[in-house]
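Please read the following report alongside the sequence and the coordinates.

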Amino acid sequence: MNQRANGEGSIYRRADGRWTAACYVLRPDGSRVRHAVYGKTRKNVADQLAVLIAKTKAGLPLAVESWTLERFAEHWLKHVVGPRLRPSTRSSYRETLRLHVLPTLGRTNLRALTPTHVRTLLANKAADGLGARSIQIIHSTLRTMLSEAMREELIERNVAAVVRPPSVERVEVQPWSTEEASRFLAASADHRLHALFAVGVALGLRKGELLALRWDDVDLESGVLHVRQNVQRLPEMGLVFGPPKSSKSRPQFRFLQPRRGCSEPTAQVRLPKPLRLDRPGSTPAWSLPRRSAR
């Protein structure tokens, strides 16, 4: 056998008859390690060796460690998701993987994962009665995680990206009419959270934004309500406060000036347009008791 030049790797036949080729490849951390491939013929291992050498010359690292899906999920949640994303997103990813992905695919080698694995997982979840939206979340979580594995060059393609998740029929939200909103507020007039309900009906805030409101967010002198945070109850974390869902979700709502001649000072909140259905052009308002800051 001709002597191969330095950097070309080596090819030899084992005692058991199989062929082996080996060369030094780059690892993701920049170091080099000797990596071997095996095959039944010399041509087979020579072709594999050529691919390894070409990647090394191009400066592309090779995933030489054996990553299972479960092991990479742990790495991804700790080092990628943890420092960058909101607690609610971290919790959603963690619970989706724990409940739906890892029990089935956790021990599968990352590089051995195929579209069939993903397609079968989603089909089984549908057969178990899981809704289309929940299956979409499973697919999205797995696709996002495997995208990071590609970024770290642990895999060469994202098998979840080639699998189509089920479609979800979008249901148009039907807002209450002014009459329906009035009936609700009248029925809840004696409830301890009536003022909260009125603000929610009038301004259309999310539940987490409503429950996170503080008196510091209400400026009755200027007649402005600020939405600065939201709150969620997350598994194993309890109540977690954070910024609104997006920068566009930090609106300022302007109140009407307190009425004159009232026995109790009030601040009025104008209803948004979706609730003004019975009398176009009118500007109905709800009156909320004005309270001093605590």
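How many helices and how many strands does the protein chain have? The protein chain has eight helices and ten strands, where helices (H or I, at least four residues) and strands (E, at least two) are DSSP runs, numbered from the N terminus. The model is a predicted one, in which local features need pLDDT of at least 70 and side-chain atom pairs count only at pLDDT 80 or more, while totals for chains, interfaces and linings use all residues. Residues are numbered from 1 along each chain as its sequence is written, and side-chain values use heavy atoms, with hydrogens and water left out.

Of the 294 residues in the protein chain, 34% are buried; buried means under 20% relative accessible area, exposed means over 50%, and partly exposed lies in between (1.4 Å probe, protein chains only).

## Helix packing

| Helix pair | Axis separation | Crossing angle |
|---|---|---|
| α2 (residues 69-84) and α5 (residues 132-151) | within 10 Å | roughly 85° |
| α6 (residues 178-187) and α7 (residues 194-203) | within 10 Å | roughly 170° |
| α2 and α3 (residues 87-105) | 11 Å | about 175° |

Angles under 35 degrees count as roughly parallel, over 145 as roughly antiparallel, 65 to 115 as roughly perpendicular and the rest as oblique.

The axes of α2 and α5 cross at roughly 85°, and the two helices are therefore roughly perpendicular to each other. On the α2 side this contact is made by L69, F72, A73, W76 and V80, and on the α5 side by T141, L142, T144, M145, L146, E148 and A149. By class these are nine nonpolar, two polar and one charged residues, where Ala, Val, Leu, Ile, Met, Phe, Trp, Tyr, Cys and Pro count as nonpolar, Asp, Glu, Lys and Arg as charged, and the others, Gly among them, as polar.

Helices α2 and α3 pack at an angle of about 175°, so they are roughly antiparallel to each other. From α2 the contact draws on L69, E70, A73, W76, L77, V81 and G82, and from α3 on R90, Y93, R94, L97, V101, L102 and L105. Ten of these residues are nonpolar, one is polar and three are charged.

For α6 and α7 the crossing angle is roughly 170°, which makes α6 roughly antiparallel to α7. Their contact is made by A181, F184 and L185 of α6 and H194, F197, A198 and V201 of α7, and it divides into six nonpolar, one polar and no charged residues. The buried residues of α7 are A198, V199, G200, V201, A202 and L203, and just after this helix G204 takes a positive phi of about 70°.

Leaving aside its neighbours within four places in sequence, E148 is in contact with F72, W76 and V80.

L146 also lies in α5 and, at 1% relative accessibility, counts as buried. Not counting residues up to four places away in sequence, L146 touches L69, L110, L113, I155, N158, V159 and A160. The C-alpha atoms of L146 and R157, eleven residues apart along the chain, are separated by 8.4 Å.

## Aromatic rings

Rings of Phe, Tyr and Trp (its six-membered ring) pair if their centres lie within 6.5 Å, and planes under 30 degrees apart count as stacked, over 60 as edge-to-face and the rest as tilted. By this rule the count comes to four aromatic pairs. In one of them, W67 and F72 have ring centres 5.8 Å apart and planes at 80°, so the pair is edge-to-face; both residues are buried.

Another pair, W176 and F184, is tilted, with 5.1 Å from centre to centre and 45° between the planes. W176 counts as partly exposed at 39% relative accessibility, and F184 counts as partly exposed at 29%. Together with F197, W176 and F184 form one aromatic cluster.

R71 lies over the face of W67, at 4.3 Å from the ring centre, a charge being over a ring if NZ of Lys or CZ of Arg is within 6 Å of the ring centre and within 35 degrees of the ring normal.

Methods
Axes fitted to C-alpha atoms, helices over the stretch in contact; angles between N-to-C directions. Contact = heavy atoms within 4.5 Å.
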